[in-house]
Structures are given as C-alpha cells and as structure tokens.
Amino acid sequence: DGEVRRITASGAERSLESSVQSARDVVMLPALAAVAARPFAVIAELPLARAGEQPLLHLATFARPWPGTLDLLRSTDGDNFSSAGTIDRPALIGTLLTPLPPGPVWRWDLSPGIDVRIEAGMLQSVSDGGALSGLNSFAVHGPDGFWEVLIAASAELIGPQSYRLSRLVRGLGGSESAALRAAPPGSRLVGVDEALTSLTSDLADLGRSIRYRVVPPGVDSADPAVLGLVGSASGLALKPLSPVHVRARRTAAGIEINWIRRTRIGGDNWELADPPLGEAREIYALTIHAGAMVVRTVQLDMPSFSYPTASEIADFGSTQTSLDIAVAQISDMVGTGTVRRGLVPVR
C-alpha cells in the first residue's frame with residue numbers, strides 16, 4: 001500500500017468457488033493503512049538573498065511514497081517541540097555521479113557538465129533565458145561544508161533517474177568561492193525552487209543550534225518514522241558580497257585605491273546608475289598586506305581609499321609597484337562580508 005494499492009491475481013479452478021457455502025464463511029479484512037515512510041531531508045545554508053523576509057536556513061525534504069504533507073516541529077532546548085508549519089511538496093534531492101571540478105564563474109561553462117542522480121521526479125532542458133531567470137537552479141554541497149549555487153540550461157536523461165547537466169553558470173548568489181573548489185562524486189545536490197522550506201528567518205536564531213523534527217501525518221512525534229535534524233545558521237544569506245574591480249592608481253599625493261561594490265538585493269535592474277546598497281549603511285574594511293604581515297587596516301564609508309606616499313613608505317620602506325589588498329563590505333547584522341583579496345598593480 002502507498003500512493004496506489006498493488007494487487008496480484010491468479011487463476012483458480014471453478015470447483016474452488018463452491019467451497020464458499022455462505023456469506024458467513026467470507027472474512028472481510030479491514031483496509032490496510034498506508035505505512036508511514038521515514039522522510040529524508042537536507043538542511044542547506046544557501047547564499048541566496050531576496051527582498052523582504054530572508055530565509056537563513058533551507059530544508060529540502062523527500063519521502064517515498066510522498067504522504068501529501070509533512071509536519072515540521074522545532075525546539076531550541078531539545079525537549080519542547082512546537083509546530084513550525086507544514087511541508088506540502090517534495091524537494092528535488094540527488095547526488096553527483098561524476099566530480100564537479102573548479103569552473104569559471106559568472107559566464108557559461110561549456111565543459112561536458114556533470115552527471116547526477118535524483119531520488120524522484122524529472123528534469124528537462126530550458127532556454128538560456130529560462131535558466132538565467134532561475135529555472136533549473138541547483139545547489140551542490142562540497143567537502144568544505146559550503147554550497148555552490150549554479151544553473152543548468154541543458155538536462156539530458158542518461159539512465160533511470162540520472163541526468164547530465166551541462167551549459168552551466170557557476171558560483172551564483174555570492175557562492176563564487178565554492179565554484180573554485182571541486183565537489184567529488186556522492187556530493188549532495190538539491191533543487192533551488194519553491195519546494196525548499198524556510199526553517200527560520202529570525203535573526204535571534206543566528207549561531208544557535210536548533211532541533212527539528214519532520215513528522216509524517218498521523219504519526220506520533222516519537223515514532224521511528226520521524227526524522228530528527230539539527231541546524232544552525234551563520235548568517236551567510238545576509239553577508240555582503242565581495243567587492244569587484246579593485247584598482248590602484250598613483251597620483252602626486254599617493255595611491256588612490258577604489259573598487260565597485262555589489263548588492264545582494266535588487267541588482268538585476270541595469271537601468272540604475274548605482275546598484276541598491278542593500279545594507280543599513282555603506283561601510284568597508286580595507287587591509288594592506290606585506291606577505292604574511294598586515295601593515296595597514298582602515299575602515300571607510302565609501303568605496304575608495306587615499307593611501308598617502310608617506311604612509312606607503314612608512315609601511316614598506318619604499319614605494320610599491322603593486323599592493324596586496326583585501327577589502328570587504330561590512331553588515332550591521334552579520335559583520336564582515338565576503339573578502340576580496342588579490343595583488344593589485346599600481347598604475
């Protein structure tokens with residue numbers, strides 16, 4: 001018994017029918033209740049940002065057969081569980097069959113792609129525009145514990161529940177650092193769509209270990225079919241993205257260092273002269289390195305820094321032709337965002 005009832009029938013001799021003398025001899029068995037399947041679920045902290053209420057943790061859930069809905073419970077102390085809503089659709093969950101190597105970010109990856117196996121459902125190819133609008137979005141969990149968000153315009157069926165995903169765009173949502181590491185076969189993959197459940201958007205939950213239970217319908221919360229999970233949000237979805245296009249130009253007074261900030265929210269409108277700030281205020285931390293040493297750290301309220309020649313000589317002993325610069329935007333809610341560090345030539 002499950003979503004359907006399977007019945008096996010076989011032929012019998014007509015003489016056997018006469019063995020039933022009357023209705024009293026027929027035993028009517030009660031209908032068998034569908035056995036509750038233990039759900040499977042994955043907690044994912046994804047670097048996804050959206051306007052309004054911001055999910056800090058996502059839950060992807062699957063069960064075979066799908067019971068229609070699942071109850072979600074949560075507890076901050078491990079003992080007292082309260083309702084955290086219901087899950088009304090299964091998420092796409094799978095694993096990598098082939099490695100996901102480091103790849104290019106923010107442009108089409110024309111490599112052969114990756115092979116994946118999904119637990120249920122189906123995938124299909126979409127247009128480039130459809131992929132760029134969010135269709136066929138996936139997250140891949142790497143050995144470093146971080147998730148890379150990517151899209152795949154092409155999904156080719158290669159076997160039972162197995163697909164080859166290609167024409168990828170990697171490192172989306174601020175996950176470009178995860179695109180620079182490899183994910184081996186067996187790494188978890190989840191679909192990034194409306195089937196994901198938000199576990200919490202409360203800033204008070206940052207850094208706290210919270211226990212969750214996924215409960216099939218009609219099952220007591222202590223039943224073996226109940227799945228228990230523990231999740232903790234670090235605020236990844238709220239961290240400012242790393243700045244880009246860091247440049248250094250020598251002037252008569254010293255070196256002018258500037259960069260371009262990125263925004264987590266509302267950055268797709270190309271008609272805007274400046275991307276939305278996305279933070280309560282604009283503030284940056286800039287650090288200048290000399291090898292393993294930090295020679296100067298400053299906090300700024302604009303995407304530029306004037307580095308006087310006298311300070312440069314005091315830090316290095318002479319003027320420099322390049323600088324090892326790290327810069328990050330700061331959030332009032334979660335602190336320092338993703339750092340952009342690199343050797344910048346002084347023009």
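Analyst: A charge sits over a ring if NZ of Lys or CZ of Arg is within 6 Å of the ring centre and within 35 degrees of the ring normal. In this predicted model, local features need pLDDT of at least 70 and side-chain atom pairs count only at pLDDT 80 or more, while totals for chains, interfaces and linings use all residues. Residues are numbered from 1 along each chain as its sequence is written, and side-chain values use heavy atoms, without hydrogens and water.

User: Which residue lies over the face of phenylalanine 81?

Analyst: Arginine 213 does, at 3.9 Å from the ring centre. Tryptophan 108 has arginine 167 over its face, with 4.3 Å to the ring centre.

User: How many aromatic pairs does the structure hold?

Analyst: Such a pair is described by the distance of the centres and the angle of the planes. There are 2 aromatic pairs here (ring centres within 6.5 Å; planes under 30 degrees apart are stacked, over 60 edge-to-face, the rest tilted). Tryptophan 259 and tyrosine 284 have ring centres 5.5 Å apart and planes at 75°, so they are edge-to-face. Because tryptophan 259 is in strand S16 (residues 254-260) and tyrosine 284 in strand S17 (residues 284-290), the pair ties together parts 25 residues apart in sequence; a strand is a DSSP run of E, at least two residues.

User: Are tryptophan 259 and tyrosine 284 buried or exposed?

Analyst: Both are buried, that is, under 20% relative accessible area with a 1.4 Å probe.

User: Which residues line the largest cavity?

Analyst: A cavity is a set of points on a 1 Å grid where a 1.4 Å probe fits but cannot get out, and lining residues have an atom within 4 Å of a point. The search finds 1 cavity of 30 Å³ or more. Pro240, Leu241, Arg262, Thr263, Arg264, Leu277, Gly278, Glu279 and Gln329 line the largest cavity, which holds about 30 Å³ of space.

Methods
Rings of Phe, Tyr and Trp (its six-membered ring) pair if their centres lie within 6.5 Å; planes under 30 degrees apart count as stacked, over 60 as edge-to-face and the rest as tilted. Helices (H or I, at least four residues) and strands (E, at least two) are DSSP runs, numbered from the N terminus. Buried means under 20% relative accessible area, exposed over 50%, partly exposed in between (1.4 Å probe, protein chains only). On a 1 Å grid over the protein atoms alone, a cavity is a set of points where a 1.4 Å probe fits but cannot get out, and a pocket is an open set with protein on both sides within 12 Å along at least five of seven lines; lining residues have an atom within 4 Å of a point. Grid points are joined across faces, edges and corners, and a volume is the space filled by probe spheres set on the points.
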